[in-house]
Amino acid sequence: TQAFVGSVRCVQETGIILNTMIGAKKLWKQASIGLTRNLPLGQKYEKKSLIGEPMKILMCNKRFFAAVQDPKSGSKEIKAEDTGGYYKERLRNKDDPYYDPFNPYVWMHVCPRSWQPYLRFCRIDQMFGRLLLLNPHLWGIAIAAPLGGLPNFINLWLFTVGSLFAHATSCAWDDFADVPVDKTNVRTMRRPLVAGTMGRGSALAIMTLLAGGSFGILSMLSPVAIKVGLIATPCIIAYPFMKRFFQYPQVFLAFALNLGVFMGYAAVAGSISWPVCIPMYIGGVAYTIFYDSIYAFQDIEADTKANTYSTSQKFASHAKGIMSGLALTTVAMHTAAGFLAGLNPAFLGLMGVGGAHLAWQTWKLDVKNGPLCDHLLNISYRYGLILVFAYALGIYMTKGKKKAIEDELKKKKEKSETISQSQNCLLYTSDAADEGLGVDLGGRRSIKK
């Protein structure tokens, strides 16, 4: 009954969201960045409608205030009752500076409070994470499409749904395995297992259901794609523990996540074109290290305190140069993959847009500004989507090349048939050879090749 009532409430809130979408465009800039994520610790927050009186921020996570300090009463925790009403108001009031009807984080907070720890555990609010996981698969699907055609819709649908399950499963497993580490990090101590808002038994049950959905989608793909997916599974399981003894855990994660390139390609073609997929895979590895290092720059002090490793610790002193090299490698390898696949040069225009986006991220990067790093991470998926459209455009624009290839194959076939016909009566028995005919003379059989 509670689930049914909650569903009805969600439908009602969805109606409110649809009614308020019209006015979202003028505040898109504020909504995409979010003022609260840019507030440094210790700065006073003057918005009285949320917490009544101006307070001093102790820590904040995205748009959710974990703790604030009241000058009169000391420290105070904002509970779900307070934040739930606040987020509902954000959906109704277009004049609110945080009006953001497109944000899944807001949707999660208008759900029943009893659901929220489980939704947060599954990362329902993190759309960018699902897109980052999905992108390598989409690259493979786009570049494996037939020349002059469009990406296969069924495979796009399967991988999109599969990414929902796979991302939720991997993040849930990461939270489950990282509880001791997350307890030492201010940014992660609000996670459900660390905060105690859900038990480990519930977490195991949820992970089992999510893993079942992931393997269910995987079973619908081609045999080669299934094999690649099974190879990637133990890598994802091992990743949370790599940061405890491997100094570059982001590299390990990059090698695991970008196996999706081979999965996407094999799902369409039934096999893997190594000359095309290898450069695309290398570019994806560089791209993953690029954005995951930006993410890790937020936790340099926490990783040092917890005795865990990260590329951010190694890259921090030369961040601009290293990130520039990773961005350049990403664009170069993905461009090479496009040429090796025979794409129309028109795809280079969008590749330039994607490269400009990575250059802008590198230019804006400040490893000491945690909120800025969080924002740059949230928009990292854009390069991946630009690459999908670049490959799809390059494939679609090769219609003329497709016709030329078909004509060449047709000529080769006709030539082969002509050679076969001319060889039909070359060899005869001796008597038949005298007459030059392929007939049986004197009881001897003619020999035909």
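Select Asp175 and Arg123. Their side chains meet in a salt bridge, 2.6 Å from N to O. This is a predicted model. Asp175 sits in helix H8, while Arg123 sits in the loop between helix H6 (116-121) and H7. The pair links distant parts of the chain, 52 residues apart. Both Asp175 and Arg123 are buried.

Together with Arg123 and Asp175, they are linked in a network of salt bridges. How many salt bridges does the structure hold? It holds 5.

Next, go to Asp178. Asp178 lies in the loop between H8 and helix H9 (179-182). Select Lys243 with it: the two form a salt bridge, with the closest N and O atoms 3.0 Å apart.

Arg244, at 29%, is partly exposed.

Now select the whole of helix H8, residues 153-177. Its 25 residues reach 36 Å from the first C-alpha to the last, close to the 36 Å expected at 1.5 Å a residue. Zoom in on the start of H8. There, a side-chain oxygen of Asn152 reaches to within 3.0 Å of the backbone nitrogen of Ile154.

Move on to helix H13, residues 249-257. Which of its residues are buried? Pick out Pro249, Gln250, Leu253, Ala254, Ala256 and Leu257. They cover an arc of only 165 degrees around the axis, so they lie on the same side of H13. Residues three or four places apart in an α-helix point the same way, because there are 3.6 residues a turn. Show the helices that the buried residues of H13 pack against: among them are H7 (127-143), H12 (223-242) and H15 (274-296).

Last stop: Leu218, in helix H11 (residues 200-218). Leu218 counts as buried because its relative accessibility is 9%. Leaving aside neighbours within four places in sequence, Leu218 is in contact with Ala225, Ile226, Gly229, Leu230 and Met263. Finally, select Gly162. Gly162 and Leu218 are 56 residues apart in sequence, but 7.5 Å apart in space, C-alpha to C-alpha.

Key
Residues numbered from 1 in each chain as written. Predicted model: local features only at pLDDT ≥ 70, side-chain atom pairs only at ≥ 80, totals over all residues. Heavy atoms only, no water. Helix = DSSP H or I, 4+ residues; strand = E, 2+ residues; numbered from the N terminus. Buried < 20%, exposed > 50% of the residue type's maximum accessible area, 1.4 Å probe, protein only. Contact = heavy atoms within 4.5 Å. Expected span 1.5 Å × (residues − 1). Polar contact = N/O pair within 3.5 Å; in protein donor to acceptor, adjacent residues only side chain to side chain. Arc of directions from axis to C-beta. Salt bridge = Lys/Arg side-chain N within 4 Å of Asp/Glu carboxyl O.
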